[in-house]
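Please walk me through this structure, beginning with the chain as a whole and ending with a few single residues.

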Amino acid sequence: MAFEKTLLQLLQSRSIVDCDTMDVEVPKALGPFVDCTSNQAIAYNELQKPSHKSRIEDAIAIAKKLASKYPELSTAELAVEIVMVSLQLEISRHVTGFVHVQTNPYYSYDTDKTVKNAHRIVELFRYLDSSFDHNRVCIKIPSTWEGLQACRILEASKTSTLATTLFTIEQASLAGEVGCHYIAPYVNELKVHFEAGFIDHNKAQKLCVQAQRLYEANGIKTQVLPASLTSTTEIMELAGVHHITISPGLLQELATTRASSNTTVSLFDEGVLTADVPSFVKYADDQAAYRIAFTRSNGGDGEGERKLVQAINTFCNMQDKMEEMMK
């Protein structure tokens, strides 16, 4: 008797599917997946589980041991990085591609600190597991001007990056120009995951299509990896995107829903979305031009800037909670 294809399998036939979690049981139960994405909020929620008590204690002990190597950091900040790397090392055995770690959001407007943070994360992977292939590390960096300049430096030194908290085509254009491996357009602003009942009425599915068309039309290697999804309908609207990262609850829903029940038409299907391919404007060497273009994005409605600032604030709050946990 033939098994009926699931919605997850249908999606995987069109896009590379990644898991947005630090719970190792998710890829073990629902995989295989390619990449595993993460951030401070995901890490904090995972570390609430009693099973991670010893992991936290170990991270604190290692941070104290390495304190003299990184004198610019508090023990708590270093322990946060160590514990996030530890979680991703465990998951790396159950995915085939990159494991992603996000830089400290407090560095979002500091290129130099972000670059140093990225290098330190890679060093910590090597320290915790010398046999791990550090080329499987992807550094997630908020899509500010300074963050994208950090991506430029890191990509030039062969460190893979993902431009996260991305809400506008201007951010996507700059991320492609500087050579980011991925961009993560947030389909919903981050607030939807923290405020019950909140709905984003300005979702970014169209941006995902525009960015992918922009890259393909201009021979840009950057891949589109949408994040911050809230329903299987939103997900299936993006079937055909390069990559897509999905939270555990939605992965479970996709894995238990028959593909034959799907009625959602993908925006990547020919003729569904007749948006023009955006112009590829180079900004990497002109900060002033980029900043005014970002400010004027989408008719100057300010939504991209507002959502970016909100996301950075939210991640800073989660960074604070993580550091408190490490004391």
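Helices (H or I, at least four residues) and strands (E, at least two) are DSSP runs, numbered from the N terminus. Counted this way, the chain has 14 helices and eight strands. This is a predicted model, in which local features need pLDDT of at least 70, side-chain atom pairs count only at pLDDT 80 or more, and totals for chains, interfaces and linings use all residues. Residues are numbered from 1 along each chain as its sequence is written, and side-chain values use heavy atoms, with hydrogens and water left out.

The radius of gyration, taken over C-alpha atoms, is compared with a globule rule of 2.2 Å times the number of residues to the power 0.38. For 327 residues a compact globule would have a value near 20 Å, and the chain agrees with this because its own value is 19 Å. Along the principal axes, the C-alpha atoms fill a box of roughly 60 × 60 × 40 Å.

A residue is called buried under 20% relative accessible area, exposed over 50% and partly exposed in between (1.4 Å probe, protein chains only). Of the 327 residues, 57% are buried.

Strand β8 (residues 243-246) points His243 and Thr245 one way and Ile244 and Ile246 the other, and all are buried. Two strands pair if DSSP finds at least two bridges between them. Strand β1 (residues 16-20) pairs with β8 in the parallel sense over four bridges, and Asp18 stands opposite Thr245.

Thr168 lies in the loop between β5 (160-166) and α8 (169-178). Its relative accessible area is 4%, so Thr168 is buried. Beyond its neighbours within four places in sequence, Thr168 is in contact (heavy atoms within 4.5 Å) with Leu207, Phe294, Ser297 and Gly304.
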